[in-house]
Amino acid sequence: MGDEKQSLKVLLTDDSASFLHFEKVLLSGTGYQFITATTGTEAYKLTKQEKPDIILLDINMPELTGFECCRLIKNDAEVSDIPVIMVTTRGSQSDIDAAFEAGCDDYLFKPVKKNVLVEMIEKHLKKKPETPA
């Protein structure tokens, strides 16, 4: 079972290098592989290239916002089944509604707590259909 976790790829997307580092530290010891993006455009390109198992996506990003990036992912049949969790400081009901309208699978407020983040990732990874080995 530990080997299975080792191969799980998490795309961390945030325009703040310090927050990306913070997420990596929070998730250290989980066995996940990390790839990072600092713009919405880069996040979409990496999603297409790397096919991560799950995406943590900030809303406030250059080039494409998190909403736009999520919409692109969810409208692309090749990657639409990848769970997207919005991780953001934006907590207004209109932001939450816009995130879910864009297709995100869940919404998490910063500051992030490790146990909440790990539980949310695990919950969404369990929902994913098993791919044949």
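1. Thr47 makes contact (heavy atoms within 4.5 Å) with Leu11, Pro52, Ile55, Ile73, Val79 and Ile82, leaving aside residues up to four places away in sequence. This is a predicted model, so local features need pLDDT of at least 70 and side-chain atom pairs pLDDT 80 or more, while totals for chains, interfaces and linings use all residues. Numbering runs from 1 along each chain as its sequence is written, and side-chain values use heavy atoms, without hydrogens or water.

2. Thr47 has a relative accessible area of 0%, so it is buried (under 20%, with a 1.4 Å probe and protein chains only). Its side chain comes to 2.7 Å from the backbone oxygen of Ala43.

3. Now to strand β4, residues 84-88: 5 of its 5 residues are buried, so the rest of the structure largely encloses it. That holds on both faces, with Val84, Met86 and Thr88 on one side and Ile85 and Val87 on the other. In a regular strand, side chains alternate between the two faces of the sheet.

4. β4 pairs in the parallel sense with β3 (residues 54-57) over 3 bridges and with β5 (residues 106-109) over 4 bridges (pairing takes at least two DSSP bridges). Met86 sits opposite Leu57, and its bridge partner in β5 is Tyr107.

Key. Buried means under 20% relative accessible area, exposed over 50%, partly exposed in between (1.4 Å probe, protein chains only). A polar contact is a pair of N or O atoms within 3.5 Å; within protein, one must be able to donate a hydrogen and the other to accept it, and residues adjacent in sequence count only if both atoms are side-chain atoms. Helices (H or I, at least four residues) and strands (E, at least two) are DSSP runs, numbered from the N terminus.
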